[in-house]
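The sequence and the structure come first.

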Amino acid sequence: MKTVYAKILVQLIIHSFWLYECVRPIKGCKFTSYQSIILYRKFKADQVFTGVEMLPGNYVLITDPDAVIVDIADIADAGDDIETFKGILTPGLINCHCHLELSHLKGFIPKRTGLVDFVYKIVSERYFAQEEILASAAKAESDMIKNGIVAVGDICNTPVTIAQKTKGNLRYHNFIEVTGFIPAVANKRFQLSLENYQAFINELPETTIVPHAPYSVSPELFRLINEFSNNKIISIHNQEIAAENELFEKGTGDFLRMYEKMNIDISFFQPTGKTSLQSWLPEITNQQTMILVHNVATSAQDIEFAKHQTSNIKLQTYFCLCPNANLYISDELPKLEIFSGMHERMVIGTDSLASNDQLNILDEINTIYKNFPGIKEETLLQWATINGAKALGIDHEFGSFEKGKKPGVVLIDEGFLKAGRII
């Protein structure tokens, strides 16, 4: 599979609708012109990825004019007027981790600064004129649509993106992020996040309050979040660099420099002697879904700990990969070989344009395949479709070509180099 670069393909395909007829549009039913009229569109490509398996080119995807899936039929039963393409047809792609409100920072922060200096730059210099932020967010959203993305798990620190999201161009789950490493500020910081939450929830009900990262959230604040987020989807930046583990294990490392730069007194902090994940995960005690993002410094022992911890409380954990952001910030990647038994729990995100050149899930897939060529194409596409939909709780609508769903139809050219949204 070619994986040397990723390139945006904007494919504007304009078709009229044709009339097809069938009493029961399911497998084995031939689409003829002898019963009550129903409108259909039919798509054939070299392969069809359903969200869970790859089908050969003799299958035809059939939708109604509103892009709702009707069937996947053998070409012998599909009738005439089939639209034929080169490449792979796949459900719309799911971006499980993004920061739309940081889109105005594209190219603003130099590459490979390391996480501490990157975070400090974001915290201290992210505030631009609202008009510029809104214009950049609108363009970033438009680019995601062109790149085949249909749904986004988006991190929010302000209400600035509400106006764009209420246009309904993409499906969003909004993660209202809260920070506060000093225990004394936990209540105040949580109340501020509640204000943002209320601004979103009035317009966008798929919204939850989430912790930013273990190095920026105190145990007291974790407990407030845990209590409020019962049975809701939450997300957290997890083990993005090795220094995060060092902070919790030994109380040393590069994060001390970050606290000093931010004038944060952490004399109260006592290291746990455990890794970051093993220190904070016990604070989450609900039966809910949690998306752990980045996982660059996650170990096999951490994964086993998470399995044991979450089995007791039925916490559904997903591990989100954002490889291009990891390379942009620290020039490191997660050790994917340790996730070999976690196929059903892997999802993909882009992070923000502050830490990425583009918001393109296929570009993330290309990077994964280039560095881990043993992972199958079918597996990577599952991470980017049905797994992502399950993680965001929208798999009843998105992520797979199943009858009655409206997941979007995306055409990927040979080698995952680029994609274009068909419907």
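Helices here are DSSP runs of H or I with at least four residues, and they are numbered from the N terminus. The model is a predicted one.

## The chain as a whole

The chain has 423 residues, and 56% of them are buried. Its secondary structure comprises 13 helices and 18 strands.

Among contacts between residues at least 6 apart in sequence, 72% join residues at least 24 apart. The chain exposes about 17400 Å², of which carbon and sulfur atoms supply 51%.

## The largest pocket

The largest pocket holds about 980 Å³ of space. Its lining consists of 38 residues. Val123, Asn157, Glu177, Thr179 and His212 are the lining residues that lie nearest the centre of the pocket. Sorted by class, the lining has 19 nonpolar, 14 polar and five charged residues.

Which element supplies the largest share of this lining? Helix H1 does, with seven residues. H1 covers residues 115–125. At least two lining residues each come from H1, strand E11 (171–178), helix H4 (186–201) and helix H7 (255–261).

## Helix H4

H4, one of the elements that supply the pocket lining, can be checked for length. With 16 residues at 1.5 Å a residue, H4 should span 22 Å, and this agrees with its end C-alpha atoms, which are 22 Å apart. The expected span is 1.5 Å times one less than the number of residues.

Which residues of H4 are buried? They are Ala186, Phe190, Ser193, Leu194, Asn196, Tyr197 and Phe200. Each has under 20% relative accessible area, since that is the cut-off for buried. The cover over the buried residues of H4 includes strands E10 (149–156) and E12 (207–211), along with E11. Helices H3 (162–165) and H5 (219–228) are also part of that cover.

## The largest cavity

By the rule applied, the count comes to one cavity of 30 Å³ or more. The largest cavity contains about 30 Å³ of space.

Its lining is made up of Leu321, Pro323, Leu333, Pro334, Leu336, Thr367, Ile368 and Phe372. Seven of these lining residues are nonpolar, one is polar and none is charged.

Note on methods
Residues numbered from 1 in each chain as written. Predicted model: local features only at pLDDT ≥ 70, side-chain atom pairs only at ≥ 80, totals over all residues. Heavy atoms only, no water. 1 Å grid on protein atoms, 1.4 Å probe; cavity = no way out; pocket = protein on both sides within 12 Å on 5 of 7 lines; lining within 4 Å. Points joined across faces, edges and corners; volume = space filled by probe spheres on them. Nonpolar A, V, L, I, M, F, W, Y, C, P; charged D, E, K, R; others polar. Buried < 20%, exposed > 50% of the residue type's maximum accessible area, 1.4 Å probe, protein only. Contact = heavy atoms within 4.5 Å. Areas by Shrake-Rupley, 256 points an atom, 1.4 Å probe, with all protein chains shown as cover.
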